[in-house]
Amino acid sequence: MSVTYDDSVGVEVSSDSFWEVGNYKRTVKRIDDGHRLCNDLMNCIHERARIEKAYAQQLTEWAKRWKQLVEKGPQYGTVEKAWNAMMSEAEKVSELHLDVKGSLMNEDFEKIKNWQKEAFHKQMMGGFKETREAEDGFRKAQKPWAKKLKEVEASKKAYHAACKEEKLAVSRETNSKADPALNPEQLKKLQDKVEKCKQDVLKTKDKYEKSLKELDQATPQYMENMEQVFEQCQQFEEKRLRFFREVLLEVQKHLDLSNLPSYKNIYRELEQNIQAADTVEDLRWFRANHGPGMSMNWPQFEDEEWSADLNRTLSRREKKKASEGVTLTGISQTGDQALPNKHSSNLSVQSDTAQSVQSQSSYNPFEDEDDTESIVSEKEDNKRKNVSSYEKTQSYPTEWSDEEANNPFSSTDANGDSNPFDEDATSATEVRVRALYDYEGQEHDELSFKAGDELTKIEDEDEQGWCKGRLDNGQVGLYPANYVEAIQ
């Protein structure tokens with residue numbers, strides 16, 4: 001059995017009972033613990049609110065990123081809408097979790113803080129008023145009984161010491177009787193000592209019994225006073241426990257989104273959007289827009305193939321005007337005039353350029369001379385107004401003739417595969433882009449980069465979904481188009 005000692009009363013405490021002197025301090029300490037538990041509960045709610053906020057932000061970022069990926073990806077039709085419904089669900093749930101965070105901090109956290117301030121009153125010298133009152137109440141109730149207990153312990157100690165001394169004296173007297181060297185006077189002293197010890201034992205025993213009786217008489221009043229102070233502490237603790245229970249129930253209501261009608265509607269709408277995905281409709285749409293259902297300009301017999309090719313390169317406005325004018329089949333240029341670019345969609349003639357038109361195609365019997373001059377004049381105006389990006393960057397030969405080697409109207413392929421009037425794709429404008437994900441090039445002509453790196457797109461996306469770009473170190477190569485986004 002462990003033994004503790006309280007310096008305040010100088011009495012040994014031999015048990016862990018509440019009634020022992022000083023053991024009321026655990027009840028007093030519970031008041032201080034109540035204040036600390038309020039802080040712990042506020043910290044707990046604060047951390048949960050931070051988690052709710054972080055989760056809401058992650059949902060929003062996830063929804064934004066995947067909306068872009070799905071939009072740029074190959075998915076189409078009603079399944080794409082169903083997929084996007086997941087991101088819409090995340091955005092709505094994110095808003096609900098932000099509301100949870102606001103409720104936890106603005107309602108529950110503040111409620112605990114205000115209750116703590118009202119229930120616990122700090123003192124100038126430290127500690128709380130409630131703690132000091134409980135401490136004083138227990139000390140006052142225990143002081144008379146503790147005093148009598150101290151007397152009992154002292155009388156008990158004296159009685160036990162007298163008994164021990166008596167036994168020692170009796171032992172000495174017995175041993176002296178067997179010793180012939182002792183004279184009668186010495187033997188008489190030992191006998192007197194034994195008699196005196198017996199009287200001390202009787203005296204200390206009476207005192208011990210008397211003090212113990214007085215302690216027993218004071219115990220009922222002691223217990224009653226201690227009960228009163230303890231009940232006051234119990235009432236204070238009951239308020240705290242009831243308040244904590246009330247707050248925790250409110251926290252539960254704020255965290256439980258399943259009881260919110262708006263939360264249920266979110267998943268009801270999500271289910272409806274997914275159920276609305278129609279596989280047959282998506283396949284029908286793809287067939288009509290990218291498959292055999294697409295319209296087609298099938299090849300038909302065309303008279304004067306060269307003229308048809310020439311007219312195909314003209315713009316709508318020029319074609320309309322050219323249909324009313326003459327068709328030029330041969331053009332010669334003198335001086336330092338530049339050759340019209342074969343990539344340009346505009347075909348025009350300078351006003352001061354000398355023209356030689358072959359007799360078999362230059363004369364149109366259905367037009368008069370004035371109309372022909374009008375058409376040529378309009379083409380000259382278009383030449384000055386319309387200059388393609390390709391023309392701005394290309395140089396032209398200063399001289400050309402009707403010879404096959406220098407004739408832009410002659411075919412360079414015996415099978416007719418090369419059409420000098422087909423337009424080449426103009427070079428794309430360079431655009432700065434930022435990588436969304438890490439990418440490791442699989443081929444020697446592919447770029448490698450990390451998420452967040454910036455590079456320059458120099459060619460637009462091709463049919464396979466690849467773009468051509470240039471890293472800041474000058475390396476040029478291909479990369480997946482959906483791995484980057486344009487820098488705003």
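Modeller: Two strands are said to pair if DSSP finds at least two bridges between them. Helices (H or I, at least four residues) and strands (E, at least two) are DSSP runs, numbered from the N terminus. The model is predicted, so local features need pLDDT of at least 70 and side-chain atom pairs count only at pLDDT 80 or more, while totals for chains, interfaces and linings use all residues. Residues are numbered from 1 along each chain as its sequence is written, and side-chain values use heavy atoms, with hydrogens and water left out.

The sheet is open and has five strands, in the order S6-S5-S4-S3-S7, with antiparallel pairing. In general, strands of a sheet pair through backbone hydrogen bonds, either parallel or antiparallel. Strands S6 (476-480) and S7 (484-486) stand at the edges; each has a single partner strand, so one side of each lacks a neighbour in the sheet. From one strand to the next, the twist averages 50 degrees; such angles run from 0 to 180 degrees between N-to-C directions, and axes are lines fitted to C-alpha atoms, for helices over the stretch in contact.

Of its 488 residues, 31% are buried, that is, under 20% relative accessible area, where over 50% is exposed and in between is partly exposed (1.4 Å probe, protein chains only).
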